[in-house]
Amino acid sequence: MGMKKKLSAKANFFLTVIFVIFVIFLLHLANVYMNAYQLKILNLMAIYGIMAVSLNLINGITGIFSLGHAGFILVGAYTAALLTLTPEQKEISFIIEPIIPFLKNLHTNFFFATLAGGVLAAFAAFLVGWPVLRLAGDYLAIASLGFAEVIRILALNLRSVTNGALGLKGIPEYTNTWWAWGWLFVTVLFIGSLVNSSYGRALKAIREDRIAAEEMGINVFKHQLLSFVIGGFFAGISGSLYAHWLTTIDPRITTLGPMLTFYVLIMIVLGGLGSITGSILGAMIFAILFEWFRRFEEPFTFFGIEVPGIKGMRILIISVIFILVMIFWQRGLMGRTELTWNNLYRWIFARRGGEKS
Amino acid sequence: MKELLILDHVTMRFGGLVAVDDFVNTIYEGELAGLIGPNGAGKTTVFNVITGIYYPTSGRIIFDGIDITPLKPHQITHLGIARTFQNIRLFQDMTVLENVLISQHHVLSNPDADRILKKHGKDPKRDGNFWFWRAVLKLGYVDKEKQMKEEAMELLEKVGLIDVMNEKASALPYGEQRKLEIARALATHPKLLLLDEPAAGMNPKETEDLMEFIKRIRDEFKITVFLIEHDMKVVMGICERIIVMDYGKIIAEGTPEEIQSNPKVIEAYLGREWEYV
Amino acid sequence: MTATLVLQNIFNGIMLGGLYALIAVGYTMVYGILRLINFAHGDIMMMGIYFAFYAVALLSLPIWLAFIVAILGSALLGFLIDRVAYKPLRNAPRISALITAIGMSFFLESFAVVVFGANYKSFLKVFGEHKEILRKYILIGNARLPVLTILVISITALSLLFLFWIVYKTKIGMAMRAISSDIPTTALMGVNVDMVIGFTFALGSALAAISGIMWAMRYPNFFPYTGFMPGLKAFIAAVFGGIGSIPGAVLGGFLLGMIEILTVSLVPQVMEYKDAFAFVILIIVLLVKPSGLMGQKMIEKV
């Protein structure tokens, strides 16, 4: 029974570096060989990944049932877009009410715009979290949804800031593979490192039993707020990337509203609530499926029968899948565990000799 | 003997119900004291008030010279009071080791509690600042984590749980879970340990082991123990001083011999459905 | 502001309030018994409207029959939703049931989009030549009191009486009350818990359908997302009044309606933000008195 149960830290590090290089290589190949459409989906996977990992930190790891994620994504999207659009573009777009001069003249590059989106979203998360985190599970969910809706309604009506229902068009398509996957890498690194520390344990303890956690010396409110704000920050980052991927944003329910939160929720449930790698997998699967389901909205053949496409079919199928997953497969792909080298190693090698893994 | 915990006319009212009625007592440093009484007498409520879960309707709680009445539970833990629960509240989905590691987190966090300590001329318990950033960026954190793990494993060894350290808490048998809860509380480095019915649900052998265990940790870790129990064997066996509660009030106090022959105590218990082990 | 205007606003507020109250009662009933926020409640209301619409448009039923069909159909829908989606999660953590309820909400909305179409339809079609009834009003002073308002109040009152009768005077109502205290014990008493819960959903959904029909009579243009906002606001009203308390839901509903109408009439500039009022109220309520106006404080036992 001298079988090693765990890989050394060195081996872990080595494998991870190899993996990252491998991924970079794959992304490079993708950029060379994929067509524009496929590339866009690939980038969307990364954007969804950031949304999923950030929501998972709040919902899955800390156990806060927040439904307000779309609100933070929206803040990030608008902040970044308003910063990357040139003053001339803004002047032309704001036809109902002119944009306030301060905002018109703000202009910066994509990186700082994205960063600003994250910071402002984090600030919004702080403002929202402060009252909302005092509430219990169900109420917290509704309150967070309410706040996200307030943010959306504000975006809809503060025409001199957001251009109201018209939204922002002509946003430069800065989001490419490297920005999207680069930011995903940063997100995973940051949140992964956080979870893999005493703070991560504290957050999980809060998820398990708030009162016991408090009694063991953890300032539950402060840690919940911390989780909320970090999740909000990366939601804002994803918002910026999303805006520069869509090239137009508006405060509709489907674009940056509760529907988006629902999509992200599906991703993390599918991947496994509480698992970072699960969230990424869930995001990627969702991106592919959702895109693939588009075919049902055009006429298609089903075993030789011509079926007329119906608009909105995608969401219907996704909802059904979601409900089925909730009923039959609650733990999702990864459950609460991560896809680590150790786990892979154990899974591959520990099957021998009936050893307990 | 040094006064460690002073309960100064503590009353806890829930609407019309008076759960704790003018509770006055002092716990002395190093003692092993017990709190007994029929079901519903208000014992756990006293613990909940001490640890800050409830804010008392009136009265004060003074711990080690600091008025902890307005403080929150996490601050009180940081100041040196730890507890276990009547119904085990372990972090079930986490391993034994992780459960104990959690208790060390407060040393990284809680600047507010440290400020209180400093204000009263005591040493802060925190080990420096900016631990959040250090933890995420892994700057000077790896050593800290190693140190925490070593301390945790040392503690687990002392309490005899080192062999199961990577098992999920939910996988442990009942007796070991109770032990783990006590270990987890110990890992916060308390001065005062509150045990809420530690022997509940245990068979006689487990109870014997527990009694030895509690005495040992009091001596070895140099802490003060205040426990609630229904099991008279435990109470009379290890407690040096016993407080008896009924209907929220203290009705008697003294050594085991004094309590056993106290007519008021006997009366309180005879009128109830109460098990005498 | 003139007395007429004040009176007019009060009437409008009562109308809107009555509508919210009815929806809120359905919400609070399910929550009170199951501790589940049925996110899909507003969408069941929407389905009720579509049922009534198609009962007339497709089946050419007379209006009164169409309404009955819609109410029964919604009750059945509610029962099925519970049986299929919520029952399997009866013993799962509350979060799972909540998430499933959200999923159910989106399912109903997308179902309506696919099957009924995303475009707005008009409920006036249901009334055909009779649609003038909807616009009738009586004059009080110079203010118009729409007949519809009186209808809404009456139906709300009747529904509440009916509900009260069921919950307090029937056996199944007693079972419902028992379940709201303690499910396992109730099961041990020989009650078929699943059936009673299913019945509760059916009842709540029937109420949703009634409120949907009333809503569509007042706001005839409807589409698959019609139920989303009113559902959300009604839940807020229920929390405002004290979740789990039926009188609380009624009170909360009326107050919310009044606040919405009066605030807009006093400060016209905020009209576009009126949907946000409900959320602001929610946040204030949850911070100041989470148990709502008439709710009980729940003390967590440690």
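Mentor: Here is a term we need at once: a helix crossing is left-handed if the near helix is turned anticlockwise from the far one by less than a right angle, and right-handed if clockwise. Please keep in mind that this is a predicted model.

Trainee: Which hand does the crossing of H1(C) and H11(C) have?

Mentor: That crossing is right-handed, so by the rule the near helix is turned clockwise from the far one. The two helices pack with their axes 6 Å apart, at an angle of about 145°. Their contact divides into 15 nonpolar, 11 polar and 1 charged residues.

Trainee: Which residues make the contact between H10(C) and H11(C)?

Mentor: From H10(C) they include C:Lys233, C:Ile236 and C:Phe240, and from H11(C) they include C:Gly248, C:Val250 and C:Leu255. By class, this contact has 10 nonpolar, 4 polar and 1 charged residues.

Trainee: What makes a residue such as Gly polar in that count, and Lys charged?

Mentor: It is a convention: Lys is listed with Asp, Glu and Arg as charged, while Gly is among the others, which count as polar.

Trainee: Why is H1(C) called roughly perpendicular to H10(C)?

Mentor: Helix H1 (residues 3-34) of chain C and H10(C) cross at roughly 75°, with axes that come within 8 Å. The range for roughly perpendicular is 65 to 115 degrees, so H1(C) is roughly perpendicular to H10(C). Among the residues in contact are C:Tyr20 and C:Tyr27 of H1(C), and C:Pro230 and C:Phe235 of H10(C). This contact has 9 nonpolar, 2 polar and 1 charged residues.

Trainee: How do you know that strands S2 and S3 of chain C are paired?

Mentor: Pairing asks for at least two bridges, and 4 bridges join strand S2 (residues 137-140) to strand S3 (residues 143-146) of chain C. So the two strands pair, and they run antiparallel. C:Tyr137 has C:Pro146 as its bridge partner in S3(C). The strands form a hairpin with 2 residues between them, and C:Gly141 in the turn has a positive phi of about 65°.

Trainee: What makes S2 and S5 of chain B edge strands?

Mentor: They belong to an open sheet of 4 strands, in the order S2-S1-S4-S5, with antiparallel pairing. Strand S2 (17-28) and strand S5 (66-67) of chain B each have a single partner strand, so one side of each has no neighbour in the sheet. Helix H1 (residues 43-50) of chain B packs on this sheet, touching S1, S2 and S4 of chain B.

Trainee: How is the pairing in the 6-stranded sheet of chain B described?

Mentor: It is mixed, and the strand order is S6-S7-S8-S3-S9-S10. The twist averages 20° from one strand to the next. S3 (residues 32-36) and S9 (residues 241-246) of chain B pair in the parallel sense over 4 bridges, and B:Leu35 stands opposite B:Ile243.

Trainee: Where in chain B is the confidence lowest, and where highest?

Mentor: Helix H11 (residues 263-270) of chain B is lowest, at a mean of 79, and strand S7 (residues 192-196) of chain B is highest, at 96. Chain B as a whole has a mean pLDDT of 90.

Methods
Residues are numbered from 1 along each chain as its sequence is written. Chains are lettered from A and ligands numbered from 1 in the order in which they are written. This is a predicted model: local features need pLDDT of at least 70, side-chain atom pairs count only at pLDDT 80 or more; totals for chains, interfaces and linings use all residues. Two residues are in contact if their C-beta atoms, placed from the backbone, lie within 7 Å. Axes are lines fitted to C-alpha atoms, for helices over the stretch in contact, and angles run from 0 to 180 degrees between N-to-C directions. pLDDT is the predictor's confidence in each residue, from 0 to 100. Angles under 35 degrees count as roughly parallel, over 145 as roughly antiparallel, 65 to 115 as roughly perpendicular and the rest as oblique.
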